[in-house]
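Subject: Handover of a structure and notes on it

Dear colleague,

I am passing a structure on to you, together with notes on what was found in it. Please read the notes with the structure open beside them.

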Amino acid sequence: MDPHDELPPPPPLPLNVVPIKAEDAAKESPPNKPTKPTRLPIARPGLGKKGQPIQLLANHFKVSLKSSVDFFHHYYVKLKYEDDQPVEGKGIGRKVIDKLQHTYCSELSNKDFAYDGEKSLFTVGALPQVNNEFTVVLEDIGTGKLVLLLDLLPCYPYLIPSVFRKLNFLPGCRSAANGSPGSPGGGDRKRVRRPYQTKTFKVELCFAAKIPMAAIAQAIRGQESENSLEALRVLDIILRQHSAKQGCLLVRQSSFHNNPASFVDLGGGVMGCRGFHSSFRGTQSGLSLNVDVSTTMIVKPGPVIDFLLANQKVDHPDRIDWQKAKRALKNLRIKAAPGNSEFKVVGLSDRKCNEQTFPWRQRNGNNGDTNTVEITVSDYFLRHKGIELRYSGNFPCIHAGRSKRPTYFPVELCTLVPLQRYTKALSTLQRSSLVEKSRQKPQERMSTLNDALKRSNYDSDPMLMACGISIAPKFTQIEGRVLQAPKLRVGNGEDMLPRNGRWNLANKKFFKTCSVMRWSVVNFSARCDVRGLVRDLKRLGAAKGIEIEDPYTVIEEIPSMRRARVSDRVDKMFAEIKSKLPGLPKFLLCLLPERKNCEVYGPWKRKCLADFGIVTQCLAPTRVNDNYLNNVLLKINAKLGGLNTLLQIEVSHTIPIVSEKPTIILGMDVSHGQPGQSDRPSIAAVVSSREWPRISKYRATVHTQSPKLEMMSSLFKPNGTADNGLIRESLIDFYTTSDHRKPDQVIIFRDGVSESQFTQVINIELEQIIEACKFLDEKWEPKFTVIVAQKNHHTRFFQTGSPENVPPGTVVDKQVCHPKNFDFYMCAHAGMIGTSRPTHYHVLHDEIGFTADTLQEFVHSLSYVYQRSTTAISIVAPISYAHLAAAQVGTFMKFEDMSDASSSQGGHTSVGSVPVQELPRLHENVRSTMFFC
C-alpha cells in the first residue's frame, strides 16, 4: 500500500488566490542567481599510518544482523481522553500503549511494538488496518495500578462502553453493590471496586510510512539516507522501550534504574544517579551497540520535608521559606498517605493546613442524602482518616489538584517518588561533587559496562529478536596509533620535548615575554599578604624573563562597601583608581575573596575590558604558592602580548600545508545559559589566529544571539556598505598582523554541534563565511576546511593488558569510526583521573586537500599551543579559547536586567526570533589581545 494514498488532502485555497504551477515558479527565479549546490560531508581520503601502533578495546559491542526483506511500519499515535481532549501528560502514553497491546493482541495480529512514548509507534510488518481506533480504560492511574476494565472483554465479549455505563463501570459512577453481573459471588468485585478513579482513553494508530529494514545495512555501508537514519532511530527507540519496561528513568538514550547503590548525594536535596547510555551506530566494522556510563541529577526521594530542609540548608521546618519551597516542588511527583496515591505538585495552599478549608460532601443518614460542609484539611485527616498531624498543621498544604478543584495534602504525609530529574542549575560545590563522585578508572568502568550489558539482557527483547539482531558480549578490539608529541620552543632558543603530554618550565624562560608596567593591585576584601604576593610575583616573573615593576599602589576596598550592590563596589573601586593613580593603568591585578562565582568578577571584567580597555588578571589568594603564581604568570604574559611556548615547527615555518600559504585558523563555539536560564541569550564566539605563520596567537570576537540557538547567526551581517558580522574583524586583523596578506586557506574548527546539524554547518555557516570574504574582496577565493569537534559522545578506549588510560597522542580512525565519512578520535591529553574522553573530529569539508596523517598531526599539534597550561589539552586550542571567550564575556550580562537592551540597535537574532540583549563592545585597547586567557 502506498502511504501517500492515506495522506489528507491539502487545505482549500482562498477564493482570491490563483495557484502557481511549479514550472512557472521556476521561470520566475532570478536567472543570475543559480541555486547553490548542497554540500555533503566528505568521504575519508584514506587511513592514517603515522604513529606507534597500540592495541585497544572500545566500548562498542558488535551486532549481528540477519538480512530481512521486512519493513518497519511507522504509525502516528493520537491519545485523547473520553471528551476528545488531547493527552498531554508525560509517562501516561507508555502505560496506555502497553495495556492496549496486552488487551488487543489478537486484533493487532500479535505484533510487538516499538513506542517512543510520544507520537510514534513502529511495528515489524503492517497492522491489519491502516487506521486503528481503540478505547482503553485504566484504573487509578495516579497509583500506577494499571487495572484495565477491558480485561473483562475475553470473558464478556458482548460488553461495549454503553453497557459498561449502564452497569456503573465507567468513570463518575459507583460499582454494583455485590459484584458485576456474570461474576457469581462477586468474583470480579476486587477488579472494579474503585471505578470512580478510572480514566478512559481513545487511541488512534494511523499509518504514516514504512521503512525497509534493509536500510540498516545501508547505514552500515555509510550510504546515509532518510530511510537508513530512520531505521537506526527505530532500533534506538527499541532500546529506550526495553529500559522503560524495566521502570527506568529515560534521558534521551540513557536509562537510570531505581538502585540506591547508583545514587550519590550532592547536597541540597539533589543526588547524582549513575545509569547507562546505549545506542546503535554504523561503523567500519558493521553495526555496533555503543554502551557507556551516564550520569544525571535526580531529586532525593523520601519525605518532602526532608527534601525542603536539605534544599534550603536549614535545620528546622520553621525556618523553611515557603515561596522558595513552592518553586522547588512545582511539577514534582509525590505519594500521599494513607492511600499511597501518586500526584503531581501544582503548588502550595494559600493558608496553613489547620486553616485551609475545602467543601466536604458527607452522607446524611442512611437515606442516601448528602450535605456539603466546610472542613479544614487537618480536621479532615483527623476525623475521617484517623491521622493527627504532628508538625505540619502550621505549614501550607501541598496542592496537587486543579485550580478549580484543588486537592490538598499535609506536607508530613507526602513523599517524593524516586527517579525524578533535577533540571535546575547546580551550584559550584554540587557540580564539583558530581564530577568527583562519578569518576571511574578505566578498569572499573569496563567492569561496570560488562555488568550493565548482562543485566540489560537485550537479546531477550521481542522487537530486537523480530529484527534478527543479536549483540556480542565482548568489547570490540581495535588498533590505534600513538603520535609523537611535537617539540616546543621556549626562551633563549631552547627546545624541549613534552613527556606524557606534559612539560616543565622550571628554570626556563618564556619564548616571548611582556613587561608589566604602570600597574596596580586592587583588593576586594580578600584576606591576603598583598606585599608578600607582589614580591613573590616579581621574583617568579624575573625567573621567566618577565620584567615586573613595583605597582603604583595597592587599593583596598573600603570596609563599608562590602555589603553594597556589586555594581557600586566596582564603581567605587574605579573612583579610587582614578583618584590615586596619575593616569589609567595598563594592567590591574584584582584580588577576589572567593575562588569560584564571585559576584564581583563579571562587573569587574566588564568595567576593565569594555569601559576602560585595561588588561586585568583576577585571582583568589586562598592557597597561594609558587606553582599557583607560575600558572598566573602564564596567563598574564599571554594577555599582555607575550608567548609562553611555541611549536618548534612553527618557529621554523615547517608546518605542512599551513606554513606554505597564508592560513587563518578559526575556532567557533556557542555558549548557552545554564539549566533554568532559558531566556538568557546564547553567546557566539569566533577566535582567530594572527601573525601568520604563527598558530599560537589568537584574538576573539563575541556576539549574542537568540537563546538556545546553536547555529551561528552573526557570522556575516551586511548593513549597507558595512559588515557587522563576527568574521570580518578576524579577517582584517589577520591581514594587518600578517604582512598585509590575505589568507589563502581558512581552517575552521566548530564545537558543539550534533551530527544532525553537520549539513547546516557546511551549507549555512560556511556560506556566511564565504560571503564575508566576498564582501571584502569579490575576487578573493580562499580554500576552506571545516572540522567539527565533539566531546559530548560516549565512545571510550581502554588499553589491553593495562589498567592505565590510553597514552596522550592516541588516534583511532579504524573499526569504530564512520563507515564512509572522514572522522577520527583523538586523545591528545594525559588522563590523570577517571577515564579519558577522546575528542571526535569530523572533517566535513576540505578544499585544502589534507591527507589523514597531515590533518591528524596538525590537530594533535594544536593541543600543544594552549598558553594557559603546561599540558596538552583534550581539544584543539582555538575551540578551547572560543569557549573561554564566550564564558568570560557572558559574565558581563549576568548582572544586567535581561529585559533591557543595552543598545539602541538591538541584539543579533535568528530569523523570526525576538531581539536579544547585545553585548558591550570590547575597548579597542584590548580587542586584539588574548584577554580570555
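Which residues does Thr553 touch, not counting residues up to four places away in sequence? Thr553 touches Ser520, Val521 and Leu581, where contact means heavy atoms within 4.5 Å.

Before the rest, a word on the source. The model is predicted, so that local features need pLDDT of at least 70 and side-chain atom pairs count only at pLDDT 80 or more, whereas totals for chains, interfaces and linings use all residues. Residues are numbered from 1 along each chain as its sequence is written, and side-chain values use heavy atoms, with hydrogens and water left out.

Thr553 sits in the loop between strand S29 (547-548) and strand S30; helices (H or I, at least four residues) and strands (E, at least two) are DSSP runs, numbered from the N terminus. With a relative accessibility of 22%, Thr553 counts as partly exposed, given that buried means under 20% relative accessible area, exposed over 50% and partly exposed in between, with a 1.4 Å probe and protein chains only. The C-alpha atom of Thr553 is 9.2 Å from that of Ile577, although the two residues are 24 apart along the chain.

S28 runs parallel to strand S31 (residues 587-591), to which five bridges join it, and Asn523 stands opposite Leu591 of S31. S28 also pairs with strand S30 (residues 554-556), in the parallel sense and over three bridges, and there Val521 has Val554 as its bridge partner; two strands pair if DSSP finds at least two bridges between them.

Helices H13 and H14

The axes of helix H13 (residues 566-580) and helix H14 (residues 601-612) come within 9 Å and cross at roughly 50 degrees, axes being lines fitted to C-alpha atoms, for helices over the stretch in contact, with angles that run from 0 to 180 degrees between N-to-C directions. H13 is therefore oblique to H14, since angles under 35 degrees count as roughly parallel, over 145 as roughly antiparallel, 65 to 115 as roughly perpendicular and the rest as oblique. On the H13 side the contact is made by Val566, Val570, Asp571, Met573, Phe574, Ile577 and Lys578, and on the H14 side by Pro603, Trp604, Lys607, Cys608 and Phe612.

The eleven-stranded sheet

An open sheet of eleven strands with mixed pairing has the order S36-S35-S34-S39-S40-S44-S43-S42-S24-S1-S41. Its edge strands, each of which pairs on one side only, are strand S36 (698-705) and strand S41 (797-799), and the twist from one strand to the next averages 30 degrees. Within this sheet, strand S42 (residues 810-812) and strand S43 (residues 823-827) run antiparallel and are joined by three bridges, with Thr810 opposite Cys827 of S43. Helix H18 (residues 758-776) packs on the sheet, where it touches strand S34 (663-671), strand S39 (745-751), strand S40 (783-790) and strand S44 (839-846), and its direction makes about 140 degrees with that of S40. Helix H20 (residues 877-890) packs on the sheet as well, touching S34, strand S35 (682-689), S36, S39 and S40, and its direction makes about 45 degrees with that of S34.

Backbone points to look at

Most residues other than glycine have a negative phi, and most peptide bonds are trans. The peptide bond from Ala337 to Pro338 is cis, with omega near 5 degrees, and Pro338 is found in the loop between strand S15 (333-336) and strand S16 (341-344). The bond from Trp692 to Pro693 is cis too, with omega near 15 degrees, and Pro693 lies in the loop between S35 and S36. Ser109, although not a glycine, has a positive phi of about 55 degrees; this residue is in the loop between helix H2 (92-103) and strand S4 (114-115) and is partly exposed, with a relative accessible area of 40%. Arg252 likewise has a positive phi, near 55 degrees, and lies in the loop between strand S9 (249-251) and strand S10 (254-256), where Arg252 is exposed at a relative accessible area of 65%.
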